[in-house]
Amino acid sequence: LMGCTWFAISQYAPSDTGRTWASMSLGQSSPLTYEDMGMGYQYFTAAHWSLTQMTPGSMQVQPENSCERIYNIICLIIGMIFFSSIISQLSAKLMQYRSVRHDREEKLSQLSHWLGKHGIKPTLVVAARRQAQDRILRSEKPRPTDEVLLL
């Protein structure tokens with residue numbers, strides 16, 4: 001969608017500079033412009049441009065007038081918001097995982113400490129810890145879909 005809009009802006013939006021990205025040369029040594037190439041080449045160039053707005057990639061196509069520049073800025077802001085939210089969600093999930101794991105380890109540590117403090121044999125401590133760990137893991141299994149209220 002971003003690539004299609006980028007292409008449409010080059011074709012139909014007013015240009016205050018008299019240039020668009022499509023009217024620019026394919027390269028320093030080429031006399032051809034993007035407009036000289038077929039529709040497929042222009043479409044894939046616009047699609048490539050849109051991908052570089054959402055990733056750290058780069059390419060030689062850049063805005064050549066105010067309409068293109070405004071659209072470029074909007075795309076960059078959307079890209080920053082999109083990737084920031086993805087990073088935020090991944091960080092939250094990682095912190096949740098670490099918290100659950102820490103709680104599990106804390107419970108098992110308390111159990112081992114209590115058993116050791118009360119003189120329980122080490123082999124029995126290991127067996128009790130293993131059983132407690134299995135119970136904790138079974139209690140953390142995902143719920144069936146019919147038990148999740150929002151599904």
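These notebook entries record what I looked up on helix packing in a predicted model.

**Basis.** I took local features only at pLDDT of at least 70 and side-chain atom pairs only at pLDDT 80 or more, while totals for chains, interfaces and linings use all residues of this predicted model. Residues are numbered from 1 along each chain as its sequence is written, and side-chain values use heavy atoms, without hydrogens and water.

**Confidence.** I looked up pLDDT (the predictor's confidence in each residue, from 0 to 100). The protein averages 89, and 93% of the residues score at least 70. Helix α1 has the highest mean, 93, and helix α4 (residues 122-139) the lowest, 88. Helices are DSSP runs of H or I, at least four residues, numbered from the N terminus.

**α1 with α3.** I noted that the axes of α1 (residues 2-12) and α3 (residues 66-117) come within 10 Å and cross at roughly 165°. Axes are lines fitted to C-alpha atoms over the stretch in contact, with angles from 0 to 180 degrees between N-to-C directions. The two helices are therefore roughly antiparallel (over 145 degrees). In contact (heavy atoms within 4.5 Å), M2, T5, W6, I9 and S10 of α1 meet C67, E68, Y71 and C75 of α3.

**α2 with α3.** I found that the axes of α2 (residues 39-54) and α3 come within 8 Å and cross at roughly 50°. W49, Q53 and M54 of α2 meet Y71, N72, C75, L76, I78, G79 and F83 of α3.

Technical notes: Parallel < 35°, antiparallel > 145°, perpendicular 65-115°, else oblique.
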